[in-house]
Amino acid sequence: MKCPKCDGDLLLEEAEGHIGKLCSKCEGIFLTEKYQLSLKHTYDFDIEEFRRLLESCPKSTVYMCPICSRHLKATMISDVELDWCELCKGVYFDKSELKKAITKCKDVTKGEKAVSGTIDVFTMLGLLVGN
């Protein structure tokens with residue numbers, strides 16, 4: 001599976017006992033729908049609200065979904081642009097977006113460690129959505 005931004009290999013990566021796909025070249029990460037659904041059951045994460053925010057003001061991109069090969073859409077949530085697929089519901093963060101989201105998460109949690117292992121996507125997404 002190839003990264004939608006740089007065509008690097010997307011490798012399985014574990015974070016908090018769940019699997020995401022990390023680009024070996026640009027360090028972007030693609031979160032499948034299954035990964036996102038696990039957030040709903042494991043953490044206080046409102047996936048319906050997250051999807052509503054993604055769908056609130058999408059714009060087309062030139063990037064292709066690594067799962068279903070459709071064009072990704074882009075939406076700004078809390079000053080972080082997320083690329084996502086309307087069909088398979090996957091979400092892509094490039095490295096700069098991840099850093100921005102993690103920094104925002106650290107600011108909100110007043111310096112608490114927002115990164116556990118590779119990334120604590122659960123905390124970060126919850127704070128982006130506003131939970």
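Predicted model: local features only at pLDDT ≥ 70, side-chain atom pairs only at ≥ 80, totals over all residues.
Select residues 80–84 to begin. This is strand β6, and 4 of its 5 residues are buried.

The pairing of β5 with β6 is antiparallel and runs over 5 bridges. Then go to the turn: the β5–β6 hairpin has 2 residues between the strands, and Ser78 has a positive phi near 50 degrees.

β6 and β7 are antiparallel and are joined by 2 bridges. Here Trp84 is opposite Val91. In this hairpin 6 residues lie between the strands, and Lys89 takes a positive phi near 70 degrees.

Keep Trp84 selected and show its surroundings. Beyond the neighbours within four places in sequence, Trp84 contacts Leu54, Glu55, Pro58, Leu72, Lys73, Ala74, Thr75, Gly90 and Val91.

Next, display the largest nonpolar core, a set of 12 residues that includes Trp84, Val91, Phe93, Ile29, Phe50 and Leu54. Two or more of the core residues come from each of β3 (29–31), α2 (47–55), β6 and β7. A separate core of 9 residues can be found by selecting Cys3, Leu10, Phe30 and Cys85, which are among its members.

Finish with the rings. A search for aromatic pairs returns 0. For a charge over a ring, select Lys5 and Tyr63: Lys5 lies over the face of Tyr63, 4.5 Å from the ring centre.

Technical notes: Residues numbered from 1 in each chain as written. Heavy atoms only, no water. Buried < 20%, exposed > 50% of the residue type's maximum accessible area, 1.4 Å probe, protein only. Pairing = 2+ DSSP bridges. Phe/Tyr/Trp six-rings, centres within 6.5 Å; stacked < 30°, edge-to-face > 60°. Lys NZ or Arg CZ within 6 Å of the ring centre and 35° of its normal. Core = buried A, V, L, I, M, F, W, Y, C linked by side-chain atoms within 4.5 Å. Contact = heavy atoms within 4.5 Å.
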